[in-house]
Amino acid sequence: GTAPGCRHRTSAMEEHPMLRKLLPAGPLPLPCERDRLLGRRLRLFVYALPWAYNGQVVEYVEQRAHDLLHVNCHYLREDTCPNRGFSHLENLRSHCTDVPIMSKLLQAATIVQQPERADIFLVPFLLGCNAMLGWGHGMTRVNAAAHHAFFDNFDRFSREHLPHFSRWPHRHLFLFPLDSMFMPKWLGGSMLAHTGAGYRNRSRIDVPIPYLVSLPKEALSAPSSASPRTNTVFLMASPSRNKVREELARQLREAAARGRSDPSLPRVELYETDPRKENAMPFSTVDTIRRMQKTIFCVAPTGDSDGFTQRFYYILSAGCIPVRVDTYYPTLSFGRVAWPFKQSVQWHRAVLLLPPDRLRRDGLMPTLANISAARIAAMQAYIQAEVRPRVLFDYSGSAPDAFSAFLTELLHLSDARLGQLDKRKHPGHPGGHLAT
């Protein structure tokens, strides 16, 4: 349906010609009214890349979702698609944050044709969705020629398709929702919308974004603050990923056993999964979120790469306090790690950091026992009011969401950082944001 005060999703195609060139016909994620107003300040130059870099990818993935999952919705452009569990295809979709971001950005920003007037140059290559085409699970790289043209010889690609890249690389925005360790070195001077958690640009113009978390309709509304949280710790993960996960599982197994023998002790829920199985998770998405909603602390270890994992955002959606155990940047504070949306979220008010050395030295359960009830309540309230709305996407455009926080980051960088980089690269040049 159409949200109050919002245009119908299909009518946006008619109002924004660029959308018709980059995305298939059909419904679109809409920006909210706040973003339409703020977005007017952002002057966006959009490259007309071939269909194989954007629309073809969306068409193909949505058709495969129809074939494999038998869904009748537009899998990447509607949030009504049922999330049937932690399936391989659902995991792949989590890297398609680029679709709602690009759709909303093209509707909210002021599109300009003159490069000298642009604050930001959008490269409309859906790099997250494109990546999933090469990961199997029923997918085929249908755009192989375009993919290899970009990755095999970017210098040639940029000369042919991005004529302003050599002059303003730092103003070029690439939507690349993979973890930061997978970012190509040759894009290190640009604005990279990756999923964290390391900075890839020395000037810190990275724009980290969340994974795309698709909540089942039963979990769309925020958890009630009045609902009691009867469990102390929850973790559902494979302990085999690394030694730190093995240590976490060992400590939680022992704590769970103590709790079973003495009900007065903190209650722990630990579910050890086997990634070799087709569907390794013992619970559906709904059941998992409900368990998180009954828990105070949810452990969020890093996985096979350095980003924040889907788990981190499911935890936040459930109003649980994440306990991040980071094996990639264990000695770095909040300020030195590429967390999403730092202009909008004060992450130290929402997340506990437990470095691996403290995990081994002090232990998980003793560390959590030292967190005061007042601090727990304050963190829960902050997650509910400030963090949850900024890491989830509202496709209807009825309220500010993760895109709103993304837009805030772009405006901050445009106002505070990009002009300085113009002067370094071209002394005496006023920069796109100041040009008239």
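Guide: Helices here are DSSP runs of H or I with at least four residues, numbered from the N terminus. By that numbering, helix α15 spans residues 373–391 and gives the second largest pocket the largest share of its lining, four residues. The space in this pocket comes to about 630 Å³. It is lined by 30 residues, and those closest to its centre are Asp-79, Leu-215, Leu-220, Phe-393 and Asp-394. Sorted by class, the lining holds 18 nonpolar residues, seven charged and five polar.

One is residues 1–8, with 14 contacts beyond four places in sequence. The other is residues 428–436, for which the model has 23 such contacts. Where pLDDT is low, the predicted coordinates should not be read in detail.

Within α9, residues 154–161, the buried residues are Phe-154, Phe-157 and Ser-158. These lie on the same side of α9, because the arc they cover around the axis is only 95°. Their cover includes α8 (144–152) and β4 (172–175). On the face of α9 turned away from the buried side are the exposed residues Asp-155, Arg-159 and Glu-160.

Conventions:
Residues numbered from 1 in each chain as written. Predicted model: local features only at pLDDT ≥ 70, side-chain atom pairs only at ≥ 80, totals over all residues. Heavy atoms only, no water. Buried < 20%, exposed > 50% of the residue type's maximum accessible area, 1.4 Å probe, protein only. Helix = DSSP H or I, 4+ residues; strand = E, 2+ residues; numbered from the N terminus. Arc of directions from axis to C-beta. Contact = heavy atoms within 4.5 Å. pLDDT = per-residue confidence, 0-100. 1 Å grid on protein atoms, 1.4 Å probe; cavity = no way out; pocket = protein on both sides within 12 Å on 5 of 7 lines; lining within 4 Å. Points joined across faces, edges and corners; volume = space filled by probe spheres on them. Nonpolar A, V, L, I, M, F, W, Y, C, P; charged D, E, K, R; others polar.
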